[in-house]
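Let's walk through this structure together, one part at a time. Please keep the sequence and the 3D view side by side as you read.

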Amino acid sequence: MMAGSFDDECDYLFKTVLIGDSAVGKSNLLSRYARDEFHLDSKPTIGVEFAYRNIKVGDKLIKAQIWDTAGQERFRAITSSYYRGALGAMLVYDITRRATFENLKKWLYEVRQFGSPDMVVVLVGNKSDLAQSRQINVEDGQSLAQLEGLCFMETSARENVNVEEAFREMITKIHQVTSQKTL
Ligand code: GDP
């Protein structure tokens, strides 16, 4: 099937971004999610990569465009173009590194500064397979999510646990938010 004709069949295109500290597993979550049908493209000029994945929500076909920082988390120059037009963000920490959880406040501040006001944020505690090195309890993730009004899930990109579910949650939520807006 031609790429062009496929695009025409999609009802919506949603831009989403992956955010969080370096080495929490963003790229692995993305490649795990997009591995079956994906184009991993890069925009070296602004230091990001993105992939597409088509997903059915109800009777709608949604094309999710998912941006990853490609290791450029610390280059703030990309920030505004990274967030521009994004409807959702997956905010990732590593359950085995407390610092990545503590830095979530900084990331949420950035989301509120650069993201759209009704951006959907899904909080993801990744590396759930490393139970023996866990530094952050599930309850800590849950209560932060509740406090900040976010969806929450623990995932393992390595063992493919909840990856599909976390992305689906984000896309479904975006669909709800955008269809309420157009009512
Ligand atoms: P990024 O910098 O946030 O994009 O992180 P990467 O996806 O590059 O992953 C950083 C490191 O964590 C790599 O060595 C990955 O193999 C490892 N990693 C990523 N996800 C998981 C996971 O779910 N479990 C385990 N055990 N390791 C992971």
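The chain's mean pLDDT is 87, and 85% of its residues reach 70 or more. The complex receives an ipTM of 0.99 and a pTM of 0.90 from the predictor.

This is a predicted model: local features need pLDDT of at least 70, side-chain atom pairs count only at pLDDT 80 or more, and totals for chains, interfaces and linings use all residues. Residues are numbered from 1 along each chain as its sequence is written.

Now find strand β7, residues 151–155. Four of its five residues are buried (20 or more other C-beta atoms within 10 Å of their own, placed from the backbone), so β7 is largely enclosed by the rest of the structure. Strand β6 (residues 120–126) runs parallel to β7, joined by five bridges. In one of these pairings, G125 of β6 has E154 in β7 as its bridge partner. Together with helix α6 (residues 138–148), β6 and β7 make a right-handed β-α-β unit: with the strands pointing away from you, the path from the first strand over the helix to the second runs clockwise.

Finally, turn to the ligand. Helix α2 (residues 26–34) gives the most to the shell around the ligand, with three residues. Of the 15 residues there, G25, K26, S27, N28 and R158 come nearest.

Definitions and conventions: pLDDT = per-residue confidence, 0-100. Buried ≥ 20, exposed ≤ 12 C-beta atoms within 10 Å, placed from the backbone. Helix = DSSP H or I, 4+ residues; strand = E, 2+ residues; numbered from the N terminus. Pairing = 2+ DSSP bridges. Near = placed C-beta within 6 Å.
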